[in-house]
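Please open the structure in your viewer and keep the selection tool at hand.

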Amino acid sequence: MDLINLSKKLQKREAFPPIPAVVSEIIQEIDYGEISMENLGRLIQKDVCLATHIIRHANAGAYSSAGPVSTVIQSIKVMGFRVLKGLCLSLPVFSQFRDVPGVMGLWRHSYITSACCRIIAERIKLPALDEAETSGLLHDLGKIFMYLEMPQFIGPRLSVSDASSGEPDWVVERNSLGIDHSFIGARYGRMFNFPESILNPILWHHEPHKATANQELTHVCSLGDKIASIIGACHPDYVYVETSLLQSLDYLGIRKGIFQFILMDCLDRASNMMYFEL
Ligand SMILES: [Fe+2]
Ligand SMILES: [Fe+2]
């Protein structure tokens with residue numbers, strides 16, 4: 001697929017994986033902003049699988065201070081509407097294509113990245129915890145498009161993910177296709193009306209210095225992405241950690257001692273979350 005055809009295809013909603021009707025309805029209601037927590041809970045319960053995953057997510061470790069929860073409504077209260085919307089967009093897509101090579105590894109990476117982003121944001125006292133977590137969850141969603149539409153490109157990449165001479169995933173994508181998963185992911189997020197505070201981190205998570213707005217959140221997303229790799233939840237097509245990690249640490253004012261705390265915290269929470277499989 002050449003760049004022109006690829007760009008045309010990405011302008012259409014049908015280019016992206018379909019999501020169940022009830023999930024579309026949930027996303028629309030969240031966007032509309034007038035549904036009560038109770039009605040949203042009832043709507044989510046129409047999809048038993050989604051409801052189960054949402055409760056499991058609320059208990060998976062990121063909100064440990066809230067204590068265990070057992071209902072959908074309690075889960076929405078602890079995670080917030082933005083994170084809920086991010087889960088509604090990502091869970092059905094990853095779940096539907098779990099057997100496609102690389103997809104489950106990407107889910108694990110994205111899920112752990114979302115927790116790492118929240119931990120970093122908490123540690124540096126960034127108020128936008130929900131945005132940080134949601135951007136971490138969605139940051140690599142553009143790869144799903146590549147896994148489904150370009151298996152001939154992605155397949156060989158999965159088998160050389162640990163080649164020491166290899167270049168980072170996004171660089172290879174840009175050199176080969178003229179476009180990368182960050183761009184595709186941001187396009188996908190825009191279609192679902194996510195705010196700029198989430199779209200910018202998705203678009204610039206590999207080049208956080210280029211973000212013209214939401215720089216702090218973008219560096220948090222970029223750092224969370226790399227910490228996930230450091231603690232073992234690496235990308236299925238590239239296992240190394242890029243040195244731009246140092247730029248993000250510098251930008252966010254995270255010194256060595258604090259970074260050690262963040263790493264330990266991420267590892268601790270991630271070990272609780274490893275069991276959250278689709
Ligand atoms: Fe990425
Ligand atoms: Fe990533």
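Predicted model: local features only at pLDDT ≥ 70, side-chain atom pairs only at ≥ 80, totals over all residues.

Residues are numbered from 1 along each chain as its sequence is written, and chains are lettered from A and ligands numbered from 1 in the order in which they are written.

**The whole chain**

With everything selected, the protein chain averages a pLDDT of 90, and 98% of the residues score at least 70. The chain has 15 helices and zero strands, where helices (H or I, at least four residues) and strands (E, at least two) are DSSP runs numbered from the N terminus. Its radius of gyration, taken over C-alpha atoms, is 18 Å, close to the 19 Å that the globule rule (2.2 Å times the number of residues to the power 0.38) gives for 278 residues, so the chain is as compact as a globular protein of that length.

**Two helices side by side**

Next select helix α5 (residues 72-96) together with helix α7 (residues 129-138), which pack at an angle of about 10° with their axes 8 Å apart; axes are lines fitted to C-alpha atoms, for helices over the stretch in contact, and angles run from 0 to 180 degrees between N-to-C directions. Because angles under 35 degrees count as roughly parallel, over 145 as roughly antiparallel, 65 to 115 as roughly perpendicular and the rest as oblique, α5 is roughly parallel to α7. Residues are in contact if their C-beta atoms, placed from the backbone, lie within 7 Å, and those to show here include G80, R82 and V83 of α5 and D130, E131 and E133 of α7.

**A buried glycine and an exposed glutamine**

Is G189 buried or exposed? Select G189 in helix α11 (residues 181-191): this residue is buried, with 26 other C-beta atoms within 10 Å, the cut-offs being 20 or more for buried, 12 or fewer for exposed, and partly exposed in between, with C-beta atoms placed from the backbone. Leaving aside its neighbours within four places in sequence, G189 is in contact with L138, F194, I198, L199 and I202.

Finally, select Q11, in the loop between α1 and α2 (21-32), which counts as exposed with 9 C-beta neighbours inside 10 Å.

Definitions and conventions: pLDDT = per-residue confidence, 0-100. Contact = placed C-beta atoms within 7 Å.
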